[in-house]
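Me: I would like to learn how to read a protein model. Could you take me through it feature by feature?

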Amino acid sequence: MDEKIKKELRAAKRIVVKVGTSTLTYDTGKMNLKRMDRLAMVLSDLHNQGKEIVLVSSGAIGIAMGKLGLSERPGDIRKKQAIAAVGQCELMFLYDKLFSEYNNTVAQILLTKDDIAIPRRKRHTQNTVNALLEMGIIPIVNENDTISVDEIEIGDNDNLSAIVADLLDADLLVLFSDIDGLFDSDPRQNKNAKLIDVVYDIEEVKDVAGGAGTNRGTGGMVTKIEAAEVATRAGINMIIANGENIDALYDILDGNVVGTLFVTDDLKKED
């Protein structure tokens, strides 16, 4: 891999980390407490090193489904919004508890599309999150599913994380998923599928994208590639890695590619 890419990964200071519902919960829908605790520990440790950390976290609806004993997401928008309110409360309660144990403070930021699209609201969002980072607080961002409807919803947290990374002029975006990265074919169907380490041209890999991997999440490889387009156009390198290994963040920030790296347009031109 190009030494320039390694250098950029090592130099990354402002880092947006996105975790999906499949990373935060078991197949039962119940919270994976061990993994969430590890996430809080690793992000707190990186924060203590001087990194600026923003966590984009899915999981509100998934956690509410487990808490309420639901096997499927409600089709009714009212009920979906109602259980999102239950799940967001549960999710932030746990994050606050876990991060506090590592002497770090978190803050909740809930966004809709209007908070990004309307200039005045966008500016207020930027100012608030930047102020939190200046105060040494870790913002935890999610879409405001309790009020979001088709007209104002962002849709998935892969794209939300890329938008947030762009909004905050981040140095690196890391998406933790339920898969090791982007493969040249679906590894769930082809045992000989090969992991793609570095993607220089996103157009060349769009055909291998699939849908959501679990019934608890909303994203899939399609949304991750869309996020990669947003991030790399904004000059932000993006990595997809497996959420089973949160410690991969250490390797990534040591300049090693774990999973699949999508490089920025600037690096593509020099490659």
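Me: How many bridges join strand β5 to strand β7?
Reply: Start with the general idea. Strands of a sheet pair through backbone hydrogen bonds, either parallel or antiparallel. Two strands count as paired if DSSP finds at least two bridges between them. Here, β5 (residues 172-177) and β7 (residues 237-242) run parallel and are joined by 6 bridges. Valine 174, for instance, has isoleucine 239 in β7 as its bridge partner.

Me: What should I know about the model and its numbering?
Reply: This is a predicted model, where local features need pLDDT of at least 70, side-chain atom pairs count only at pLDDT 80 or more, and totals for chains, interfaces and linings use all residues. Residues are numbered from 1 along each chain as its sequence is written, and side-chain values use heavy atoms, with hydrogens and water left out.

Me: Which strands pair with β4?
Reply: β3 (residues 106-111) runs parallel to β4, with 6 bridges between them. There, leucine 110 is partnered with asparagine 142. β2 (residues 52-57) also pairs with β4 in the parallel sense, over 2 bridges. Leucine 55 stands opposite isoleucine 140 there.

Me: Where is isoleucine 225?
Reply: Isoleucine 225 sits in helix α9. Its relative accessible area is 3%, so isoleucine 225 is buried. Its C-alpha atom is 9.0 Å from that of phenylalanine 262, 37 residues apart along the chain.

Me: How many aromatic pairs are there?
Reply: Rings of Phe, Tyr and Trp (its six-membered ring) pair if their centres lie within 6.5 Å; planes under 30 degrees apart are stacked, over 60 edge-to-face, the rest tilted. This structure holds 1 such pair. The ring centres of tyrosine 95 and phenylalanine 99 are 6.1 Å apart and their planes are at 50 degrees, so the pair is tilted. Both residues are buried.

Definitions and conventions
Helices (H or I, at least four residues) and strands (E, at least two) are DSSP runs, numbered from the N terminus. Buried means under 20% relative accessible area, exposed over 50%, partly exposed in between (1.4 Å probe, protein chains only).
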